[in-house]
There are 2 protein chains.
Amino acid sequence: MPKTSTALRTRTAKTESEALRHGSRSEHVYRKLRHAIEAGEWAPGQRVMEVEVAAWLNLSRTPVRDAIRRLEREGLLQHEPHNGLIVARLDRQAVMELYVMREALEGMAARLCARHASDIEAQSLLDMVERERNLDGDAEGVARHNRRFHEAIHRGAHNRYLEKSLAAVNDSMWLLGKPLMLLPERAQTAVREHAELAAAIACRDPDAAESAARAHVRAAQRERLRRLFPENGD
Amino acid sequence: MPKTSTALRTRTAKTESEALRHGSRSEHVYRKLRHAIEAGEWAPGQRVMEVEVAAWLNLSRTPVRDAIRRLEREGLLQHEPHNGLIVARLDRQAVMELYVMREALEGMAARLCARHASDIEAQSLLDMVERERNLDGDAEGVARHNRRFHEAIHRGAHNRYLEKSLAAVNDSMWLLGKPLMLLPERAQTAVREHAELAAAIACRDPDAAESAARAHVRAAQRERLRRLFPENGD
DNA sequence: GTGCACTCTAATGTATACACAAGAACACTC
DNA sequence: GAGTGTTCTTGTGTATACATTAGAGTGCAC
């Protein structure tokens, strides 16, 4: 019974972990691996081995293990029966499930955002849309901005559990390949959809916000499926 | 660049991890800790230290760390600025957010279950309700059965991302104290609500299923808030 | 007496060494 | 030549020792 230690509550605290972990090697490994996956440098299906990563980054296996476990729980790495640990690979069914979930969560976030966001947060969304229009040429910039815009909505919903789930789902999106926002035609459409979404939130219209968000996700899904499974005509 | 290792894909597999981890000490620690939290033996706010847990279970810190990290990511443990790692403590706001999220996810699961569950799965839900009626006296049994019933719905939705999110949210529920199902009056009402929910699913009526699930969660929430914050009259 | 700096300590972060499990390759038998 | 047993390789699981850090307490100066 761990409770036996008497000085339990009074004793020192240790490690205001946030600060510490920021600079920790474990965190460093985590960022590196995550970046490698997000940037597509590590393709789905590729094996990931503790020893290799450790050798790569000149570290011991301990922090590497930490990072790997974290990515595993986030769904970016997975165990495959006869292949050990690999970068997660999504089959068609998983992709469909992912988008169903994303549509629901983004819809919920938009709805809650319309109800709970502060006026400043709502205004900031409108500003972001405005700025987005001016990024026209810069594909990378648009993609980055897109991410920020959605994260702002997630925060505006003021629900930390929703935020976490959304983060998990959107992380898994990286496994599908490069963001569609890098494509000019998708970017243009998306900006219009963002404008509609932000407007609905600013008007405090939950129903409109939810359906705008859902439509936005569905549009992305259609485009994505066309690229992932072109054989299906669709 | 970890890719440099040539024999990457062809080389041996290692550890069909599922099997291995089942018996691993890490897994053992995880279960123990989780059970301690679920059973309320460790109250929210209580400090958790690697060394203590390791001493308690007669293990080294390594597997303990693993388990702790996992629980941390699941939200059952959390870092508190001047207190180190503690069993997560939910403030009122967090409780509200948790229930909002739970209502949405359970609603979604019910809706998807009505659409996607196989006939066998749907029938099985009806059977479970029937069996539940006969557990009348056995509070523990009812609580266990309740859990299974909901998990069956989650599975029936056939969406692994939804399932994972629901598991996370429901795990956090344990931090609020004992399940309400242990209370006879709540159990009785819940059985009726379950019947309605299962019926809606069996009828393949997504709208009815979703609203039944949402109503069920809201009823639980009302009861819970009454117990957690009696001062608010409500 | 109050404030600051120093040291000391407890807890976690990291490295390393060893244990163990599971394929894969090889050799041996039939 | 094919099947099977054995050994060898490889990768992860676990233990332990050491490094590091951040609080807490103590003592000194003012």
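These notebook entries record what I looked up in a predicted model.

**Conventions.** I number residues from 1 along each chain as its sequence is written, with chains lettered from A and ligands numbered from 1 in the order in which they are written. Because the model is predicted, local features need pLDDT of at least 70 and side-chain atom pairs count only at pLDDT 80 or more, while totals for chains, interfaces and linings use all residues; side-chain values use heavy atoms, with hydrogens and water left out.

**Entry 1: B:Asp171.** I located B:Asp171 in helix α8 (residues 160–173) of chain B; helices are DSSP runs of H or I with at least four residues, numbered from the N terminus. Is B:Asp171 buried or exposed? B:Asp171 counts as buried because its relative accessibility is 10% (buried is under 20% relative accessible area, exposed over 50%, partly exposed in between, with a 1.4 Å probe and protein chains only). I found a polar contact of 2.8 Å between the side chains of B:Asp171 and B:Arg34. A polar contact is a pair of N or O atoms within 3.5 Å; within protein, one must be able to donate a hydrogen and the other to accept it, and residues adjacent in sequence count only if both atoms are side-chain atoms. Beyond neighbours within four places in sequence, B:Asp171 is in contact (heavy atoms within 4.5 Å) with B:Arg34, B:Glu74 and B:Leu76.

**Entry 2: nonpolar cores.** I noted 98 residues in the largest nonpolar core, where A:Leu162 and B:Leu162 have the most contacts inside it. Such a core is a set of buried Ala, Val, Leu, Ile, Met, Phe, Trp, Tyr and Cys residues joined through side-chain atoms within 4.5 Å. Not counting residues up to four places away in sequence, A:Leu162 touches B:Met101 as well as A:Leu105, A:Met108, A:Ala109, A:Leu112 and A:Ala157. A second, separate core has 21 residues, among them A:Leu57, A:Ala67, A:Ile68 and A:Ala88.

**Entry 3: A:Ala198.** I placed A:Ala198 in helix α9 (residues 184–202) of chain A. A:Ala198 counts as buried because its relative accessibility is 1%. The C-alpha atoms of A:Ala198 and A:Leu126 are separated by 5.8 Å, although the two residues are 72 residues apart along the chain. Leaving aside neighbours within four places in sequence, I recorded contacts of A:Ala198 with A:Leu125, A:Leu126, A:Val129 and A:Phe149.

**Entry 4: salt bridges.** B:Arg218 and B:Glu103 meet in another salt bridge, at 2.7 Å from N to O. This pair links distant parts of the chain, 115 residues apart: B:Arg218 lies in helix α10 (residues 206–228) and B:Glu103 in helix α5 (residues 92–116), both of chain B. B:Arg218 is partly exposed at 36% relative accessibility, whereas B:Glu103 is buried at 13%. I also noted one network of salt bridges that share partners, including A:Arg34, A:Glu74, A:Asp171 and B:Arg73.

Technical notes: Helix = DSSP H or I, 4+ residues; strand = E, 2+ residues; numbered from the N terminus. Salt bridge = Lys/Arg side-chain N within 4 Å of Asp/Glu carboxyl O.
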